[in-house]
Amino acid sequence: MTEAGTMNFFIYWINSNGEKELITAPLDSGLILPGVTRQSVLDMTREWGEFKVTERMVTMPEFIEAANTDRIIEVFGCGTACMVAPIDSILYEGKDINVPTMTSGAKLSKRLFEDLTAIQTGKVEHPWSVSIYN
């Protein structure tokens, strides 16, 4: 699993070791664009230190197994145009795989969107943005 449309694809789940983990495909495959929003999500969540953040491939069988055992917490895409967009289902081989993103409140997606927007608009000071006003 690599991208959703033109967005980088992220899964927030309980991994097979019982740890909360945010996972996205790595750049080394050549399939993923090294987007600024993607890197911002990775850097920000690593800085929080609240859960494991991993860049590795996830297969559909692995995702389906996690969905079937209620280990998926949220799924979202990120990119320049949408910033962070929650995903509540994935169509695979003619079947919808429902994910609990919206029923769980999309807490991570919302937090990322709000924090990134606050940085972009200058509502919070951050090394990623520089005020052009004196």
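Strand β3 is mostly covered, with four of its five residues buried, where buried means under 20% relative accessible area, exposed means over 50% and partly exposed lies in between (1.4 Å probe, protein chains only). The model is a predicted one, in which local features need pLDDT of at least 70 and side-chain atom pairs count only at pLDDT 80 or more, while totals for chains, interfaces and linings use all residues. Residues are numbered from 1 along each chain as its sequence is written, and side-chain values use heavy atoms, with hydrogens and water left out. The helices (H or I, at least four residues) and strands (E, at least two) named here are DSSP runs, numbered from the N terminus.

Strand β3 (20–24) has two partners to consider. With β2 it runs antiparallel, and five bridges join the two; strands are said to pair if DSSP finds at least two bridges between them. Within this pairing, F10 stands opposite T24 of β3. The hairpin of β2 and β3 has five residues between the strands, and there G18 takes a positive phi near 85 degrees. With β4, in turn, β3 pairs in the parallel sense over four bridges, and L22 stands opposite V53 in β4.

Strand β2 also holds F9. This residue counts as buried, at 6% relative accessibility. F9 and A85 are 76 residues apart in sequence, yet their C-alpha atoms are 9.7 Å apart in space. In a regular strand the side chains alternate between the two faces of the sheet.

Attention now turns to the helices. Helix α1 (residues 36–48) has 13 residues and reaches 18 Å from its first C-alpha to its last, close to the 18 Å expected at 1.5 Å a residue; the expected span is 1.5 Å times one less than the number of residues in the helix. The buried residues of α1 are T37, R38, S40, V41, L42, M44, T45 and W48. They pack against β2, β3, β4, β5, β6 and α3. Just after α1, G49 takes a positive phi of about 70 degrees.

Which residues does T45 contact, leaving aside its neighbours within four places in sequence? They are L22, F51, V53 and L112, contact being heavy atoms within 4.5 Å. T45 is placed in helix α1 and counts as buried, at 0% relative accessibility.

Helix α3 (residues 107–120) has 14 residues and reaches 20 Å from its first C-alpha to its last, close to the 20 Å expected at 1.5 Å a residue. Its buried residues are L108, S109, L112, L116, A118 and I119. What covers them includes β2, β3, α1, β5 and β6. Just after α3, G122 takes a positive phi of about 80 degrees.

How do the two helices meet? The axes of α1 and α3 come within 11 Å and cross at roughly 105 degrees, the axes being lines fitted to C-alpha atoms, for helices over the stretch in contact, with angles that run from 0 to 180 degrees between N-to-C directions. The two helices are therefore roughly perpendicular to each other; angles under 35 degrees count as roughly parallel, over 145 as roughly antiparallel, 65 to 115 as roughly perpendicular and the rest as oblique. On the α1 side the contact is made by S40, V41, M44, T45 and W48, and on the α3 side by L108, R111, L112, D115, L116 and I119. These residues divide into seven nonpolar, two polar and two charged, where Ala, Val, Leu, Ile, Met, Phe, Trp, Tyr, Cys and Pro count as nonpolar, Asp, Glu, Lys and Arg as charged, and the others, Gly among them, as polar. An α-helix has 3.6 residues a turn, so residues three or four places apart point the same way.

The bridge partner of L91 is D96 in β8. Two residues lie between the strands of this hairpin, where E93 takes a positive phi near 50 degrees, a positive value in a residue other than glycine. At 68% relative accessibility, E93 counts as exposed.

D70 likewise has a positive phi, near 55 degrees, in a residue other than glycine. This residue is found in the loop between α2 (60–68) and β5. D70 is exposed, with a relative accessible area of 69%.
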